[in-house]
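Welcome! Here is a short tour of a structure, moving from domains to helices to chains. Have your viewer open as you read.

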Amino acid sequence: MQLLWNFYELLGQSLFLVLIVPLALPCLAGAMPGFLERRRRRQLEEALPEVLESISTSIGAGLGLQQALTEISRHRQDETGKLLSQAIERSRTTSFDAALAEYAINSRSILIQRVVNLLSTAMEQDAPLGEVTNSMSVEYDRLNKLINVREKEMTGQSFLILMLMCLLLPGVMGFMFAVFGLAASGAYWGDIHGVMMPYLMASAALSVVISGRMLGRTKQALWWIPFWATISALLYIGLFEAIQNGMA
Amino acid sequence: MATNAQESADLLYAMRAVMVMLGSGIGLEAAMQMIGRGGYGVISKDFREVIDNLQRGAKLEQEFSRLSTKASSKGYSRFLNTLRTNVTSDTDLVRALTQQSDREEEERNDKLADYIEKLSGMPTILLTFGMLSPIIFGIGAMLPVIAPGAMSLPGMGMLSTVKALFGPVLFITLILMVLVGYKAHSSDPGVI
């Protein structure tokens, strides 16, 4: 219980912290769906070249597009398999084209929607589907690699910004002010904390926005601001108080 | 008029889609109709407009010329010129598009590498700004608390001014950090 009171007392050092702490958890919950959705969409997109290659092979073996997709949906246990099974199931009551369109919409991926659009045009034009899907498989494999380059190259940088600005900066500042201030224990620190905590929270917010922009996901990154701002301010004030109390 | 970034964003995807269709024996008009159905941003919009104009009696090569003049990005303009040349001179479009899309892919990789290089020093710069101001002005502001005796020394009276400046200085530091961070937005090559 005492620990809780101490925590409340820590929060009370800054009005901004009092306001932002209640926002941290709901915003964290708001950030999760975006994160999970993106992961799901990328899984579907990563599986696309393999699916197209399987369609091409099946068509080459004499199957039709619907049979090829049924075959794939039976063998794949991942999200693509589930969505395709759903589409095949639906095609029994509607048309195959409508089911394909539904698969594209449910995937919520523009890449998959483009592929389905291309397939529909190829079917309308009586083009050799085996050849079309084979070429698409090669092209989408290359495009997927291209998409992954940015993600792979920028993730390290954006993580480094978060670590430096949201953890290292408040940690160093809290430690330094506490150690310098030891000689004057009992002195009033409210003025310094009152300025430092909003500053640290604002710089944490700025770092979150920059790191999100680097990855091309600024809107999604906004949800993380209250969480990192809270962590930053709490680390600063917690470290300061711990050192002051420990060495007094 | 669409911006360079808007045109470049979906150009490679559109080129590859047209290539796949033409390579499988589908005609240029059907490929254009497919792009025009949507999913390729401003390129879809332009192609839809071309299809509408063709139905009103316009000539395909003139439509390509019009779009090419209007295009902001070099890559898109080149793409449209290649399509126009195919219409007027019956060139090997698939081969030309393969070369062009490889070039576009290379350019994208270069742009991305350039962006990564530009931002490589940003974490350190932000940390330096973020740390130096509070240290320099923070210690000055705390000196009356840490060493009250020092305040009686000649010239130390200005420290009380430093304390009053602590907040505004941190605010200016934040603005500087925003300006440094804006580079992450302004130099974004717009490639996915």
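## Two domains in chain A

In this predicted model, chain A splits into domain 1 (2–40 + 151–247) and domain 2 (41–147). Between the C-alpha centres of domain 1 of chain A and domain 2 of chain A there are 45 Å.

The contact between the domains involves five residues of domain 1 of chain A and six residues of domain 2 of chain A. On the domain 1 side, helix α2 (residues 15–60) of chain A supplies the largest share, four residues. If you look at residue classes there, you will find that the side of domain 1 of chain A touching domain 2 of chain A has five charged residues, no polar and no nonpolar ones.

## A helix pair in chain B

Now turn to helix α5 (residues 74–89) of chain B and helix α6 (residues 93–119) of chain B: their axes are 10 Å apart and the packing angle is about 175°. Because of that angle, α5(B) is roughly antiparallel to α6(B).

Which residues of the two helices meet? From α5(B) come B:G75, B:R78, B:F79, B:T82 and B:N86, and from α6(B) come B:L93, B:A96, B:L97, B:Q100 and B:E104. By class, the residues of this contact are four nonpolar, four polar and two charged.

## Where the chains touch

Between the chains, 43 residues of chain B are in contact with 50 residues of chain A. On the chain B side, the elements giving two or more residues include α1 (4–23), α6 and α8 (159–181) of chain B. The most comes from α7(B), with 14 residues. The side of chain B that touches chain A has 29 nonpolar, 10 polar and four charged residues.

Notes:
Residues numbered from 1 in each chain as written. Chains lettered and ligands numbered in written order. Predicted model: local features only at pLDDT ≥ 70, side-chain atom pairs only at ≥ 80, totals over all residues. Domains from an automatic or database assignment. Contact = placed C-beta atoms within 7 Å. Nonpolar A, V, L, I, M, F, W, Y, C, P; charged D, E, K, R; others polar. Axes fitted to C-alpha atoms, helices over the stretch in contact; angles between N-to-C directions. Parallel < 35°, antiparallel > 145°, perpendicular 65-115°, else oblique.
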